[in-house]
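Work through the exercises below with the sequence and the model side by side, and try each task before reading its solution.

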Amino acid sequence: MGLIHIELFATLDLVGQAPGGPDEDPAGFPFGGWQAPLLDEVAGAQIGAAYEGTDALLLGRRTYDIFAAYWPHQKGGEDGAIADLFNRVPKYVASRGKPDLSWAGSTQLGPDLAAAVREIRDRHEHVKVVGSLDLVQSLLREKLFDRLDLWVHPIVLGVGKKVFDGGEVPTNLTLLEPPAAGPKGAVYLRYGLADGTPATGDMSAPDRGVGRAD
């Protein structure tokens, strides 16, 4: 069985909307492209490494349309390696509508999203979910992911679609490797899905010594 990897870019207040450009998702959102001024060589290398081994993309309709309009036309240059990867691997699109699937290797998923994602997981080794915030909510709700890569950037926007925006359920995660930070302040966090649900405790319990005056 393969792995489902969610890749997300977020602000400190966990806004994940339109990081790449002003035209990505402009409705009611004035900060499209907020990630661009915060990119640096360290973050770029981390992002590139995160896609190593990817053999399929799982995308929501909006992200798919953005990618399909851009990546087939990119060859060589700074983004050449990612362009080659994205153009080569199968693309699976979660949509209730009728997307234009002219990007080579694209397939629309059926109405039973959970079943379709499980089939993809059985077919591929490393499936990447990029952006696609609405789709991410469904995957979080069903716990249909294995790894969550989160790049947190040192800005607060106060408006926009959130990474965790109604789809989440009580879930345990485990940190898979030490956090990494770039010189412009972006912090890379890699989590894996863990068993069970969050536990609770009492920080004022005697054996913790919390609140003691002595």
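A pocket is an open set of points, on a 1 Å grid over the protein atoms alone, where a 1.4 Å probe fits and where protein lies on both sides within 12 Å along at least five of seven lines, and its lining residues have an atom within 4 Å of a point. The model is predicted, so to read it note that local features need pLDDT of at least 70 and side-chain atom pairs pLDDT 80 or more, while totals for chains, interfaces and linings use all residues. Residues are numbered from 1 along each chain as its sequence is written, and side-chain values use heavy atoms, with hydrogens and water left out.

**Exercise 1.** Determine which residues lie nearest the centre of the largest pocket, and which element gives the most to its lining.

Solution. The lining comprises 47 residues, and those nearest the centre are Glu24, Thr63, Phe67, Val130 and Gly131. Two or more lining residues come from each of strand S1 (3-11) and helices H1 (41-50), H2 (61-70), H3 (80-88) and H5 (133-142), where helices (H or I, at least four residues) and strands (E, at least two) are DSSP runs numbered from the N terminus. Of these elements, H2 gives the most, with six residues.

**Exercise 2.** Decide whether arginine 147 is buried or exposed, and find its side-chain polar partner.

Solution. Arginine 147 is found in strand S6 (residues 147-153). Its relative accessibility of 14% makes it buried, a term that means under 20% relative accessible area, with exposed over 50% and partly exposed in between (1.4 Å probe, protein chains only). The side chain of arginine 147 is joined to that of histidine 5 by a polar contact of 3.0 Å, that is, a pair of N or O atoms within 3.5 Å of which, within protein, one must be able to donate a hydrogen and the other to accept it, residues adjacent in sequence counting only if both atoms are side-chain atoms.

**Exercise 3.** Classify the ring pair of tryptophan 71 and phenylalanine 86.

Solution. Rings of Phe, Tyr and Trp (its six-membered ring) pair if their centres lie within 6.5 Å, and planes under 30 degrees apart count as stacked, over 60 as edge-to-face and the rest as tilted. By this rule there are nine aromatic pairs. With 5.2 Å centre to centre and 80 degrees between the planes, tryptophan 71 and phenylalanine 86 are edge-to-face. Since tryptophan 71 lies in the loop between H2 and H3 and phenylalanine 86 in helix H3, the pair ties together parts 15 residues apart in sequence. Phenylalanine 86 is buried at 1% relative accessibility.
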